[in-house]
Each structure stands twice: as C-alpha cells, then as structure tokens.
Amino acid sequence: MSMELRTSPHLVSDRSVERIMKHVVLSLLPVCAFSVWQYGLSALALLLAVTATCLATERLFNRAADQPSTLGDWSATITGVLLALTLPPAFPLWMGAVAGFVAIAIGKVLFGGLGCNVFNPALIGRAFVQASFPAAITTWVPAFSAQRFTEFAPTTFTVPLMIPPDVADWVKQQAVDAFTGATPLARWKFENVTASAWDFLSGAVTASAGETSAILILAGGIYLAARKFMDWRITVAVLGSAALTAWLFQMVDPSHYPSPTFVLLSGGLMLGAVFMATDMATSPVTPLGVWIYGAVIGVVTVMIRYFGGLTEGVMYAILFANAMAPLIDKYTQPRVFGARQQGKKQ
Amino acid sequence: MKAEVKLDDLPLQDGEGRKPSAAPARRERAAHAGRRSLLFRLASLFRSKGTFAHGIHPAYHKETGSLPIRRLPFASHLVVPLAQHIGKPALCCVNVGQEVSRGEVIATADGRISLPVHAPATGVVEAIGLMPAASGKMEECITLRVYQADGQEVRVRKPRDVDAMNRQELLAAIQHTGLCGLGGATFPAHVKLDVPAEMGIDTLVVNGAECEPFLTCDHRIMVERTQDLMRGIRYAMRASGAPRAIIGIEDNKPDAIAAIAAALPDDGSISVQALETKYPQGAEDTLIYALLGREIPAGQRPAAVGALVNNVMTLAYLGRLLPAGEGLVERVLTVAGPAVESPGNYIVPIGTPLRFLLEQVGATSSAKEIILGGPMMGMTVSSLDVPVTKGTSGVLAFAAAATAGEAPRVYPCIGCGECVKVCPRFLNPAQLGLLSGKREYVEMAAQFNLDRCFECGCCSYVCPSHIPLVQQFRVAKAYNRKNPVT
C-alpha cells in the first residue's frame, strides 16, 4: 500500500477558480442575449470578435512565455464579454479587436496574468479605444430596428485603420421613432432632458450593448451573490453611494440634477457595479475595505458625470478605485481576534 | 480539536510572575466582559445557541455518531511511546523480558510536567528502543508482546476516596492516572487543572463541540458515559477551583445534549449549552467566545478571561479512572473515512499499531491517506507501524479521490477574499499568502499577525485557487522560530 503524505487540511471545498469564472460567464449570457435581441447582427458580431480576440491574445502570450494554456480558467472570456458589452453596438470590429488585444496584453498579461492585474482588464481596453477612437465610441445606432437581424450596421465592417463611414443616412432608413443619436446621460448633460425609468428598463434608449438591461444585470448579480461567487457588498456600496450622492445633489437643486433612479439606471453604472467593480483581483479583501472601495466608485462616478468633461464616469471611477485598492487593503486590515484587549493593556 | 500548546506556554509555577492579587485581574476581566457583552448579548437576542464569527461549514460525515462504542481485540504487539504528552517524556522503569500486568506503571513521570505510562496489556516487554512515531521521526518506545490467552483485566488498581482528598492530593492522583488532553492537545491534565487561585477561574468550559468532520468519539462518550463525564467535571471543578461548568455541544448532537441535560446536578453549577454546528467551534478561543462572550487576549491562555477548557473525553476518563485508581491504558477513538468498511467508535488499547487497527475495521486497498485526528487539523502518517497514542482521537482512511484527489491546479490568488471571510482569528490569509510567496516571513509575523494563526485550515479549505495557505504559514512560522529577530 502506498501512503500519501499531505498536510492538513485534508478536505477542500468544491470552490475553484474555473467554477467561479464559469458562473460569471453564465450570468452574463442573458445580458448578451438581450443586447443581441436589441441590436441584432452587429452586436453579435462585436461580442464574438472581441471575445475571440481576448482569447487569442491570451493564448498568444501563453505561447510566447512557453506556459500551458490559461484559457481554461475562463477569465479571458469574461474580459472579452464585458468589454464587448461596454462598446457601442455598431463599433467597428477592428477597433473592438484592438480593444480586446489591449485589454489582455496591457491590462492583464503585462502584470503577470490572472490575479496579478492592478486594473480591470476590460476597462483598460475600453479606456484605450475611448482615447484612440473618440468619434466611433460615441456613434450610436437605434435599438429594435426592423432590419437588425438581416443586415449589419455600415460601421461594423470598417476596413482596419480606416475611418468608419457616417451612419446618419443608414439610421434614417431604419425608420425608428425618436432616435436622437445621443445617450441619456449626454442628453441630460447638454440638453437637460432626463429619460424615464421605463425607457431604461425597456431598452428603448441609446446606449452600449450592456447598458440597457438593468434587470438582467441585477438578476445575474443576485444569482452570483447567492452562490457566493461575487461580493455583494461592493455592488451595494457602489449603488448605494451613487444613489445617496445623487439624492443629495437633487435636494440642493432639483431643477438641474436628475433623480437617483436616473443615475442608477443610466450609463454603465449597473454593469460596472455588478460585474466590474466586483472583479476579485482588483478589489480589496478586507471587510471595511470593500465598503470604502465601493463607496469611492459610486461617489466618483457621480462627480465625473456632474462636473467632468465626460458624460459617463463609471469606467474611470472603477479604474481609479482599482488603483486605490491595495492602499485601502493596507489601511483597513481587520482587527485580529483578541487583539483589542492587548492594545488596551499596553 | 487540537489546541495550540507550546512548551513555553506552560502554566507558571505558583508564586512566580503572577499578579500580586486576584482583585485587579477580576476587575479587568469584568470591564472587558462588559465591553464585549453588549455586542454579544445583542447578537444573542437573535439566536438560541452560542456561536462565533466566521468559520466554515464543511460536510460533516458524522454517520458513526449513531453507532455504539465497541471494543477491539488486542494486537499481538503493542508499541507504547514514552512521549505521548506535552512535556518531558516518561522514564522507562521496566526491562526487556520483564512481565508486566495490564495497568502497571511501565514508565514514570519525569517531574511535574510529565506523565507516567501504564502497561496497556498483560504481556512481556520485548524491546525498548526507537520505533516509528506519528511525527515521522523515530521515538523511544516500549514494545510489549501481549499474552493472548490472558483475560486482560486491569489488575493494578488502587481505588480511593476522591471526596476525601485535598486539592494537592487530587492533582497528584490525576497525574498518576497518566491522563492528558485526549482531544489531541495531549497537555498533562493535572498541570492544566492546577490553576493558581489568584487567576480566579470562574468557569470550567467543557468542550463537547467536536467540530472536526468524521470524528464522533466525543459524541458517543457523552451519550454512553454521561455519569463518568459528570463525575469528571466535578473533579475538575474541585481541582481548578472553578465554581461552575458549562458544557458546549454543537447542535448536530441532540442526543448528547439531551443525555447530559438529564444528568445535570440540581445545584445548577453545571449547565449545557447548544452551539451552532460550525468549524472550528471547538477551538479554545472560539468556544469561550461562543459560550461566555469573552475574547481571549492575543497570546494569552483562557485563564486570562477566567475560563479553563477541557475536552469531554478527558473529563469522562478522569471520572472513570480517578476513583478506581487506574491508569490510562486504552481510549475511545473514531475510525472512519471512505476507505473503511466498518467505521465506528472503538475502545483501542494504547500502543495498537495502525496496521492492526485498520485490518480490524476492514480498510480497503483504496486507502491512500491515513490521518491521525480529524481531516481539518490531523496529520497523515508515513507508516502503518505508527501506534495509537493517548492523543489519537481518530484514525481516518481516505482514498485519494475523497480528499484533495488529483492534486488540483494551483492558480495565483485571485483576491476573492473568501479566506478573510472565514478566518476565525480575523487574519488576512490572502495577504499572508502573497507575502509567503515572496518569503517575507518576518513581515508576515510583524505586520499581519502570523503567530495568531492556529492552522485550523479554513482558509485552505475555501481557497478557489487551491493555494496551500496553511502549509505556507507553517513554513513561515518554522522559519521565524529558527531565525528569531533580535
């Protein structure tokens, strides 16, 4: 009989990195499905192209480093799907591919891969293309157009390195009522027009693929939190602090500042709070730290929206808090059991 | 539950380095009990059973808890180590070839923090020398060839009137039984109970939590030897000066709670309290917090908060051995695990080799990993020649797949923070793990309280990246012990 020598504990739970990541992908699928139903072939093509680029980039660097494949941990898939959901549905595919490459190469592999990245890789990818292609990333197409399952938006297949064609004529042909070409946040900022909660929940607003399905995002988040695959405290802190900040501003000047509901439902706040701020590697781990981290994201988001040059602030708020996370961890180390009494005596 | 006991933790001798009087200690404790109690009492409003923060809920596998204790036959040879307890090893007082009778002292205690060893069977001393021990090292052992034809009654016994003894006589008598902490800590019972009066112990905490998965021997002892246990608790209260005792039992053992509740004395000095079934409920500081709401200050013993913790098995044997004037020659332990055909609780003579024990219970050939103690804190043995000792609370035989299986892929820490959520000492295992990867062992102790880790294994259990955190912490502690910062 051969004996195995191990050290305690001899039992392990069934939690594993693959399992957690797989469930995150699973809970993102309804959001993806909804965006495809809204925007049709263009959204589907973008989703596939970005995810495929992320996976290919990860594999490329595995090979370059002579390491076994790390695609099996599903983390690159999450990055790809999340990144695609933050882009405009008619975003040129080649630009999406650039975003995917940057997300994995600079956002993740450069830091050492899974668990070592300082910033959320998907948001690094998006920040890169936002800076590189400011026109394309604010070019929107209408949801629920009649031909969305039969034809692509003209911008989707833009030749790499070329300027995307103008979509204005194509949008006119789609015969969609009341399409403004601007997101609700931009309309509020520049025209002081706020969209209603129903507009957001029904998906009848202009936005990125993943910004129009608050209910599905929340449902995915609740599923993940219930299965303990996600830290619900961060999501609650982000949404709570954003709502509170918005409420305070509205108290001060109701004519100018929108309602907390508008703030919660508009832009990428819901997607960011549920799926991006909770990214395990880039968020703190201490009990107090997660609340501080979440609160920072919520407050900074609202501040950027209200006082910054950009219409949307979730992305930079999360990246900012990512950078703070190690510091937050450092200064919020939990009080060790039995430590306080000792401190008193000294 | 293995409590952390190191040699330098031993109780101080009377009169040395003690506080001059009991009053300041009591005041301090009362003040700090008051600080805790608001939160603790508030939480108590919402639950009927005691518990602690954090911890885990592994699969408990307590199937053997319903099986009565059975006796196993004697092996042909028993291997009795001289160092089965914490403290100085016993001194051998028999010679090769000498006949010994079951219960006879074959090695005497070497000083106060030491215990005698009694012959676990009638037979002849065949060898005295180094034999494989659970630690993996060779240790000094007395090998007995058992007379199989003998009836194996305990003939060497000195029944005494325990009630007539004074405290010193009581403690001396306890030492003569050779009894140590049977939960696995193996700290000599008489030393543990010898708490100076000025420490002001107000509660004897009786540990019936048995939070380790698979182990059920404490459970069966509480059900089947309730009277022994109650007697032992009274002796321990007298020896330690504690005016009251609380028995804490996890609520997955309702029959044990009921059996003890029925046997409680009328004077109210002993009570029983249900505890949430959660690992590590039976660790000293979590148990004291769950029962009394008191937090042992870091680096101190339970006496600092007026409590003394003893395991139910230890006290049940105390109640049985002390009046009979016998020594500890056997113990009840759980033999279980997926690779065991007839798991259960067995009375096993001290010194029984694991090979014989596993043959008796029908360990299958799939057994790959043999664990002494529970699966969370027990250790694997390298040889089946290792004997059962006083501290062996369980022998578990696992097939490879039942435990970690094919060594799962170790990922880098993904920062999920689950380990922080489960650590009963509120440490930050994630941070400690990152530092140990960089070999910053000194930093781990200085900044992140490495020394407060008692290796309960919760962090390793939940880690989705399968990082061997506890093992890394052991390495770090061992390094720090060898290279003390001056």
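**Helix H5 of chain A in its setting**

Modeller: Of the 346 residues of chain A, 52% count as buried. The model is predicted. The secondary structure of chain A comes to 15 helices and 0 strands. The radius of gyration of chain A is 21 Å, close to the 20 Å from the globule rule for 346 residues, so chain A is as compact as a globular protein of that length. Its C-alpha atoms fill a box of roughly 75 × 55 × 30 Å along the principal axes. Among contacts in chain A between residues at least 6 apart in sequence, 75% join residues at least 24 apart.

Now to the helix. H5(A) covers residues 121–132. It has 12 residues and reaches 17 Å from its first C-alpha to its last. That is close to the 16 Å expected at 1.5 Å a residue.

Which residues of H5(A) are buried? They are A:Pro121, A:Ala122, A:Leu123, A:Ile124, A:Gly125, A:Arg126, A:Val129 and A:Gln130. The cover over these buried residues includes helices H3 (75–85), H4 (93–105), H12 (269–276) and H14 (314–331) of chain A.

The domain division comes next. Chain A is divided into domain 1 (16–139 + 141–173) and domain 2 (181–332). The contact between them takes 29 residues from domain 1 of chain A and 27 residues from domain 2 of chain A. On the domain 1 side, the elements that give two or more residues are H1 (17–39), H3 and H5 of chain A. H1(A) gives the most to that side, with 11 residues. By class, the residues of the domain 1 side divide into 20 nonpolar, 8 polar and 1 charged. The C-alpha centres of the two domains lie 20 Å apart.

Now the nonpolar core. The largest one has 251 residues. Those with the most contacts inside it include A:Leu46 and A:Ile318 from chain A, and B:Ile174 and B:Leu318 from chain B. H1(A) gives the most to this core, with 9 residues. Domain 1 and domain 2 of chain A both give residues to this core, so it lies between them. On the chain B side, B:Leu318 touches B:Ile174, B:Leu179, B:Ala189, B:Gly232, B:Tyr235 and B:Ala236, leaving out residues up to four places away in sequence.

The chains meet as well. Their contact takes 53 residues from chain B and 36 residues from chain A. On the chain B side, S15 (367–372), S16 (379–380), H13 (458–462) and H14 (469–482) of chain B each supply at least two residues. The largest share, 5 residues, comes from S15(B). By class, the chain B side has 30 nonpolar, 16 polar and 7 charged residues.

Some backbone details remain. A cis peptide bond joins A:Ser8 and A:Pro9, with omega about -5 degrees. A:Pro9 lies in the segment before H1 of chain A. In chain B, the peptide bond from B:Tyr279 to B:Pro280 is cis, with omega near -5 degrees. B:Pro280 sits in the loop between strand S11 (270–275) and helix H7 (284–292) of chain B.

A:Lys228 is not a glycine, yet has a positive phi of about 60 degrees. The loop between H9 (214–226) and H10 (232–252) of chain A holds A:Lys228. A:Lys228 is partly exposed, with 15 other C-beta atoms within 10 Å.

Technical notes:
Residues numbered from 1 in each chain as written. Chains lettered and ligands numbered in written order. Predicted model: local features only at pLDDT ≥ 70, side-chain atom pairs only at ≥ 80, totals over all residues. Helix = DSSP H or I, 4+ residues; strand = E, 2+ residues; numbered from the N terminus. Expected span 1.5 Å × (residues − 1). Buried ≥ 20, exposed ≤ 12 C-beta atoms within 10 Å, placed from the backbone. Contact = placed C-beta atoms within 7 Å. Domains from an automatic or database assignment. Nonpolar A, V, L, I, M, F, W, Y, C, P; charged D, E, K, R; others polar. Rg over C-alpha atoms; globule rule 2.2 N^0.38 Å. Core = buried A, V, L, I, M, F, W, Y, C linked by C-beta atoms within 7 Å.
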